[in-house]
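Subject: Structure handover and what was found in it

Dear colleague,

I am handing over the structure that we spoke about, and I would be glad if you could look through it with the notes below beside you. Please open it first and then read on.

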Amino acid sequence: MVVRLPWSGDLGMHGAVLERLRADLVHPGNPLVDEDTDSPYYSPWTVSLALVATAGGWSTFAVLRLAALAGLVLLGTGTAAFVRTFSRRRGAVPLALLCVPLLYGVRLFAWSGVPGLTSLCLTLAYPSTFALGLALHLWALLRRALAQAWGPVGFLGLGVLLAGVLLCHQFTGAVAVLGATAVLLGARPGPGTAVRRRLAAGAALALALLLCWPYYPFLALAGGGGLDAIHRPLYGHLAQKFCLAGLGVVALAVRWRRDHRDPLALLFVLGTVAFAAGWVSGHYAWGRVLPAVLISAQLALAVEVAETAASGAGRRRWVPAAVTGAALLAGAWTQAGVLAYVLREDAVPPGLRDVPSVALWPRFGWAAAKVPKGATVMTDDYYALRTLPAYGPYTVAPAYPDAFLPDEKRRREATRRYFTPATSRAERLGILKEYGVRWVLQKNGGAGLPPGDPALRAAARGPGGFALLEVVER
């Protein structure tokens, strides 16, 4: 998946971020439209990737592959490190590395920040994967710091790590905060006065770093930026999408009965409360804390099964392992369609060819090859809006809600008017002039200026009936 980088989601956004940072590291501007605005996508991780790309002369997609590899390694090692703070049994870590990607449900589910197999195949290069790996390492290190009463430098380092997670991916940052809270509440013995002071110092440093980050004002993100509507699907079909994780809830109940301050049980409760509050209040973006709910259950199951198999007596000790194995096989079968992302159609085993998978998106490299980087394209195609900026061009309307773009609604309305059949030629030309549009991407026969209009010149034709037109008069 690192090599292939299957494209079905926000890969174009993250490619666009690297393109803008490579063009101007200090003032990259908006990643999607030609405006000088801040953006939360400019994080320590993406800035680092842009520096690597510039120093090595690597292409944007080569650096995204590097990001995917780093995210995968960090997620795997973070899972292992956190699990080892609960169990030293040999089977705990391997079982956790199976439960985290496979233990979901019988309905496909893919969302940035949720480390299911299907999600990971599509989001390995995303900052959310990198940030989740950092969060797991943060929790593991925090448990060690509390148990060993680290000195001030260690807790300040944890503050830097927490700030990094929050800046790299804000939703995963919320999960990281919930996990750190669960670890603190579950610490035995509780932290003494000296440790509490070091914790406060680390938290203060994290806050200071958030406030000092130059690319965007972190606290301004509290407004939400119109993200609730696009996150409402997180609350649909929950039983089908996550029924297999119910085994982990049973494991959590066992752990909670044994210890009411178990960090995994506390993380599950905190995550569930936040997730439910998002549904009740209509703040559906709060649903992005879902990884806290799922990971706590998945890791609890892995730890309990490993402990039971290693220390139980008689044949009954293998019953949890057998049930978990069956659930993992069901999860693997549900998500087996990801094989189609890396294998030729005739190489996929016959029994798996009809297994559902998330469809990959069409690519627009053929159009980007004609459009110079930094040029503005007028298009209303769903996929083109989310794909073209990865190659360097801008679009008139942003593909995603943007809390820092003041004329976002006006840009969307202008795009809608341009492609409305009743709009006059003069108004369309005015829109092209207003936004400095040099290229138009539309389907043949679609609304907009016709390809034969004297203001346009045909530049390329692509699959799906698309035409790329150069604007020669505005």
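The notes that follow go through the sheet, the helices and the salt bridges in turn.

Please keep in mind that this is a predicted model, in which local features need pLDDT of at least 70 and side-chain atom pairs count only at pLDDT 80 or more, while totals for chains, interfaces and linings use all residues. Residues are numbered from 1 along each chain as its sequence is written, and side-chain values use heavy atoms, with hydrogens and water left out.

Let us begin with the sheet. Helices (H or I, at least four residues) and strands (E, at least two) are DSSP runs, numbered from the N terminus, and two strands pair if DSSP finds at least two bridges between them. The model holds an open sheet of 5 strands in the order E2-E1-E3-E5-E4, with mixed pairing. Its edge strands are E2 (394-395) and E4, each of which pairs on one side only. Strands of a sheet pair through backbone hydrogen bonds, either parallel or antiparallel. E1 (residues 376-378) runs parallel to E3, joined by 3 bridges, and Val-377 stands opposite Trp-439 in E3.

Strand E5 (residues 466-471) pairs with E3 (residues 437-443) in the antiparallel sense over 5 bridges, with Val-440 opposite Leu-469. E5 also pairs with E4 (residues 456-462), again in the antiparallel sense, over 6 bridges, and here Arg-461 has Ala-467 as its bridge partner. In the hairpin of E4 and E5, which has 3 residues between the strands, Gly-464 takes a positive phi near 80°.

How many of the 6 residues of E5 are buried? The count is 6 of 6, where buried means under 20% relative accessible area, exposed means over 50%, and partly exposed lies in between (1.4 Å probe, protein chains only). Phe-466, Leu-468 and Glu-470 point one way from E5, whereas Ala-467, Leu-469 and Val-471 point the other way.

Turning to the helices, H6 (residues 127-148) has 22 residues and reaches 31 Å from its first C-alpha to its last, close to the 32 Å expected at 1.5 Å a residue (the expected span is 1.5 Å times one less than the number of residues). Because 17 of its 22 residues are buried, H6 is largely enclosed by the rest of the structure. Just after H6, Ala-149 takes a positive phi of about 50°.

Last come the salt bridges, each being a side-chain nitrogen of Lys or Arg within 4 Å of a carboxyl oxygen of Asp or Glu. By this rule the count comes to 15 salt bridges. One of them joins Asp-262 to Arg-255, with the closest N and O atoms 2.7 Å apart; Asp-262 is buried at 4% relative accessible area, and Arg-255 is buried at 8%. Another joins Arg-412 to Glu-408 (2.9 Å, N to O), and these two residues are separated by about one helical turn because they are 4 residues apart in helix H18 (residues 408-418). Arg-412 is partly exposed at 33%, whereas Glu-408 counts as buried at 14%.

With best wishes
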